[in-house]
Amino acid sequence: DIHITTGDQVEQAVVAVDGNGRSHIAGVVADRIVYYRTRYGEADPLGKFTMVMSGSGTNWKQYDPDIAVLNNGTAYIVWVEQHGGPEKYACWRNVPLVPPVGGYEKTCLPLDSTIQTTGNVQVASNGYSVYAVYDRKYLTDGMGRIDSLRYKELTNTANTGYAYYYIDYFETGFIHGLDMVIDNADKLHIAIVDNFTYTGSPPYTDRLLYRSNRTAQADGTMTQGMTVATGTSLGEDVDPSISIYTDSVDGPRIGIASIWVISGKDYIYIDSCTVDGCEYIGAHLVDLPSSWDTFSVIDDLEIQGRDEYLFLGFIGDDNTAPTGAPQVYFTEAFDTTIFYDPSDGSASFKFDLEM
């Protein structure tokens, strides 16, 4: 039972595991970010505390945490907070394995000191480096659109810049969902499903976008990337998923999983390009069992590369389960011969899949 004080309820929980098997957990209790460190099977926590704010009351709150951890046990937490009004700010803190003299710092370090966010704030690690991404609100727009998506390497805060600067392209955007991964050269790769416009007014166009600082301008603006696809068939309700796997010919590849809605059915596509240079390999339609040909609703998906395999997990409904409830499925994205159903007909709700 993960709690800071007996009887409280930790909501919006996220977890990362370090190189020694310790679980680092962040969540929300009473509108404040909490941190909890444990090792599976041990009754007592290895550490826990609650973040603080400079004020309290209506709209003094912290929420939407994300967490990543280095192999050495240093955790990095990002979150969104409000200071008594509707304005949202992107925050971060690192949590060393050993408390510093005077104890842990428990207040917001701004990812952006002056500009508001709409709430797209995430963090990722490859065990050796940590990156955060966050958006900047387009302040003259009352619709929650953004003028840019930025990144910052939290293990080297001088390494920062634009992941995508909408204003440079005379655009504003709204991000439906994003995911990110760090390669073994400590470079960041981001998959984004967004909605952009040139005028701030209709028409709005959905797009699957990829960006990386594998190459970048002098100011850090990412230059490796591509527009994978645009169109009304993109499944904007499901976040994309990105991972790295190895091909025997091309070496390390980026895989990006997304949902396409065609003739009322959901399909999973994997788009691939090389990690270095993003030479486009192509799009792969995941070959699901025939029961998905007539009815297919997919609510969440994740991919995870390991060596030459790209594993796929998703929550979906092909209308065949006796309970009628969506199930959790697991397979290999490029060879679905073995197709697992770990939830095995469970009638419970299933959401927020992680892998």
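**Notes on the sheets and disulfides**

1. The torsion about the S-S bond of Cys 273 and Cys 278 comes out at about -100°, so this disulfide is left-handed. The sulfur atoms of Cys 273 and Cys 278 sit 2.4 Å apart, and a disulfide here is a pair of cysteine sulfur atoms within 2.5 Å. Cys 273 has 1% relative accessibility, so it counts as buried; Cys 278, at 11%, counts as buried too. For the cut-offs, buried is under 20% relative accessible area, exposed is over 50%, and partly exposed is in between, with a 1.4 Å probe and protein chains only.

2. Before going on, keep in mind that this is a predicted model: local features need pLDDT of at least 70, side-chain atom pairs count only at pLDDT 80 or more, and totals for chains, interfaces and linings use all residues. Residues are numbered from 1 along each chain as its sequence is written, and side-chain values use heavy atoms, with hydrogens and water left out.

3. How many disulfides does a search of the whole structure find? It turns up two. With the bonded cysteines of the chain numbered in sequence order, they pair 1-2, 3-4.

4. The other bond to look at joins Cys 91 and Cys 108, with sulfur atoms 2.2 Å apart. Its S-S torsion is about -90°, so this disulfide is left-handed. Cys 91 belongs to strand S7 (residues 88-95) and Cys 108 to the loop between S7 and S8, so the pair ties together parts that are 17 residues apart in sequence. Cys 91 counts as buried because its relative accessibility is 0%.

5. S7 and S8 also show up in an open sheet of four strands, ordered S5-S6-S7-S8 with antiparallel pairing. Its edge strands are S5 (60-69) and S8 (109-110), each of which pairs on one side only. On terms: strands are DSSP runs of E, at least two residues, and helices are runs of H or I, at least four residues, numbered from the N terminus; two strands pair if DSSP finds at least two bridges between them. S5 and S6 (residues 75-83) run antiparallel and are joined by eight bridges, and Lys 61 stands opposite Gln 82 in S6.

6. Further along there is another open sheet of four strands, in the order S17-S18-S19-S20 and again with antiparallel pairing. S17 (241-247) and S20 are the edge strands, each pairing on one side only. From one strand to the next the twist averages 30°, where axes are lines fitted to C-alpha atoms (for helices, over the stretch in contact) and angles run from 0 to 180 degrees between N-to-C directions. S18 (residues 251-262) pairs with S19 (residues 265-274) in the antiparallel sense over 10 bridges. Trp 260 faces Tyr 267 in S19.

7. S4 pairs with S3 (residues 32-39) in the antiparallel sense over four bridges. Phe 49 is the bridge partner of Tyr 35.

8. Is Thr 294 buried or exposed? Thr 294 has 69% relative accessibility, so it counts as exposed. This residue lies in the loop between S20 (280-285) and S21 (297-306). The C-alpha atoms of Thr 294 and Tyr 340 are separated by 20 Å, with the two residues 46 apart along the chain.
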